[in-house]
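Here are a few notes to go with the structure, written for someone opening it for the first time.

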Amino acid sequence: MSRLPLSLLPDSAIVQPDGSLGIGGCDVAALAAEYGTPLFIYDEAQLRARCREAVATFGLGNAVYATKAFLCTAMARLAYDEGMLLDVASGGEMFVALRAGVPANALVMHGNNKSIDELRMAITEGVRHIVVDSFDELDRLDALHAEGLPAPQVMARITPGLLAHTHEFIATGQDDSKFGFNLGNGSAMKAVDRMRRSASVQLRGVHCHIGSNVFEAANFAKAAEVMAGFSIPLDLPELSLGGGLGVAYIEGEEASTITQWGNVLLDACAALGVKSAISVEPGRSIVAAAAITVYTVGTIKDIPGVRTYIGVDGGMSDNPRPVLYGSGYEAFLPRAVAAERPLSARLVGKHCESGDVLVLDATLPADVKVGDLLSTPVTGAYGHSMASNYNKLTRPPVLFVGDGRARVVVRRETYEDLVQCDVE
Ligand code: LLP
């Protein structure tokens, strides 16, 4: 029955005099009319504000935007312009950032299975550092050095043996993990010893990332404690504590701000006597809440005694998070943002499977009808970046809005795009 908590909308969102939604000084219905649906709309000022907050909290050179959360040319430029470094976790992410004009020395290279070509690209381009994840990667770096490439700056990714409170698919700090060098079984120390003695790499520091969408400050404080214990005796210039700050997606959820998160990490490190620079890699907390997705309702199916299905023109191809992690979202009508939502329904997409659910138990205004715009807030992270062409749906465009203007930063895919890679 409850109304949409307006705190889940982007910072610049307003309820206009007729009850409808405006963002960045633009009328959402007008944007949908002009650019079609599904549509991602980002509040540009909010993206900038979150980047600035991260830089102000951790200091220039210590705030690294995890591009996997949302990356396109405009986003790479925006994060860099606001003073962030960029975490790229594949040759493709590195390519997009470089092509956007971000200098290589502002990039940090990640990945649990970097190919030799990706490593060669990172070294040749001159990335700031590479976060090394395995002994096999060290072998590849030896081989590249033997080819005559310079020894890159590296950090060692450590698995601290902590299980963060989040979905198991996105918890990464526990012993049973494909990521990093295990602290408990001695691999981490072995890796650090090898890197210190190696002529192929220059060890700059150690890194950990305990997981994503983590809400509990205690999880981060514990990671800082374990990593401080490991890194202080090493006396290296940098300690990275990764990303992972959770965001509120649904009514009742509450998350720390980047500043609050920073205070937990920085206070813990200071109390433990860490002298290294503390860096972090937030992704979700920079971009998630800045965006909404706008769909059009195409069908409403009421099965008496069973449930009501509301079908929209997108689905698991623009937001696979509900299917992958059981993630919850709110739904609302942009024409009546603050309306009561007494109708229980399942919000589904247009893909050819029953698992194509956007909101399992949505609540919506009772007068929702075919043709209505319907929106889900907090879709700025891991939505567009994990979007697919399943059922050959074309991926939605992305708009940045602000000061009453909208600019297309990613255009809608066309049917022709769908066959670009086909060879007849
Ligand atoms: N650093 C590393 C090494 C990471 O692996 C990640 C995320 C981040 C930073 C950024 O974490 P964030 O601040 O965004 O939590 N697709 C999943 C999330 C996967 C996260 C992968 N790594 C989701 O939609 O929830």
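1. Let's start with the second largest pocket: H2 supplies the largest share of its lining, 3 residues. Keep in mind while you look around that this is a predicted model.

2. How much space is in there? The second largest pocket has a volume of about 420 Å³. Its lining is made up of 25 residues, and those closest to the centre are Arg50, Ala248, Ala255, Ser256 and Ala289. The elements that put two or more residues into this lining are helix H2 (44–58) and helix H10 (284–287).

3. Sorted by class, the lining of the second largest pocket comes out as 11 nonpolar, 7 polar and 7 charged residues.

4. Where does the second largest pocket sit relative to the domains? It lies between domain 1 (6–43 + 288–418) and domain 2 (44–287), because both give residues to its lining.

5. Now for the largest pocket, which holds about 810 Å³ of space. It is lined by 37 residues; if you want to find its centre, look for Lys68, Arg157, Thr172, Phe179 and His209, the closest ones to it.

6. What classes of residue line the largest pocket? There are 16 polar, 12 charged and 9 nonpolar residues in the lining.

7. Domain 1 (6–43 + 288–418) and domain 2 (44–287) both give residues to the lining of the largest pocket, so you'll find it between them.

Definitions and conventions. Residues numbered from 1 in each chain as written. Predicted model: local features only at pLDDT ≥ 70, side-chain atom pairs only at ≥ 80, totals over all residues. Heavy atoms only, no water. 1 Å grid on protein atoms, 1.4 Å probe; cavity = no way out; pocket = protein on both sides within 12 Å on 5 of 7 lines; lining within 4 Å. Points joined across faces, edges and corners; volume = space filled by probe spheres on them. Nonpolar A, V, L, I, M, F, W, Y, C, P; charged D, E, K, R; others polar. Domains from an automatic or database assignment. Helix = DSSP H or I, 4+ residues; strand = E, 2+ residues; numbered from the N terminus.
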